[in-house]
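I opened a new structure today and kept notes as I went. Here is what I looked up.

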Amino acid sequence: MNSIKITPRCPIRTTLELVGGKWKLLILFQLTNGPLRLSILRKSIPDISEKILIQELKTLVESDLVDRKNFGEVPPRVEYALTEKGRSALPLIEEMRKFAASYTS
């Protein structure tokens, strides 16, 4: 897996590295109201495969945008939640929503 390159020279590129792509912002948005288990995330984003969801969650955890909590139970119980850095992306999501609404009007 490629590591994310954070550079102060280009904040837009850094933002795209962190939250760009087809799924990352959708995953962050789903976690807005609190922690969710993988199965709930999978149901809330029906077009994503489980494999891709797991890959994207790993990337978001490595980027410190999402926290992964393993409860150490059998059967396994894992929850994902936004970190403070992840919460800082929520205004970006809202602005994208506003842009899309005005664009389609």
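This is a predicted model: local features need pLDDT of at least 70, side-chain atom pairs count only at pLDDT 80 or more; totals for chains, interfaces and linings use all residues.

Then I traced the strands. I found an open sheet of three, in the order E1-E3-E2, with antiparallel pairing. E1 (36-37) and E2 (66-70) are the edge strands; each has a single partner strand, so one side of each lacks a neighbour in the sheet. I checked how E1 is held to E3 (residues 78-82): two bridges join them, and the two run antiparallel. Across that pairing, I found Arg 37 opposite Glu 79 of E3.

**Helix H1.** Next I asked which residues of H1 (residues 11-19) are buried. I got Thr 14, Leu 18 and Val 19. Their arc around the axis is only 105 degrees, so they sit on the same side of H1. I recalled that an α-helix has 3.6 residues a turn, so residues three or four places apart point the same way. On the other side of H1 I found Ile 12, Arg 13 and Leu 16 exposed. What do the buried residues of H1 pack against? I listed three helices: H2 (24-30), H4 (50-62) and H6 (90-104).

**Backbone.** I then went through the torsions. Just after H1, Gly 21 has a positive phi of about 105 degrees. I placed Asp 64 in the loop between H4 and E2. Its relative accessibility is 37%, so I logged Asp 64 as partly exposed. Last, I noted a cis peptide bond between Val 74 and Pro 75, with omega about -5 degrees. Pro 75 belongs to the loop between E2 and E3.

Key:
Residues are numbered from 1 along each chain as its sequence is written. Side-chain values use heavy atoms; hydrogens and water are left out. Two strands pair if DSSP finds at least two bridges between them. Helices (H or I, at least four residues) and strands (E, at least two) are DSSP runs, numbered from the N terminus. Buried means under 20% relative accessible area, exposed over 50%, partly exposed in between (1.4 Å probe, protein chains only). The arc is that of the directions from the helix axis to the C-beta atoms. Contact means heavy atoms within 4.5 Å.
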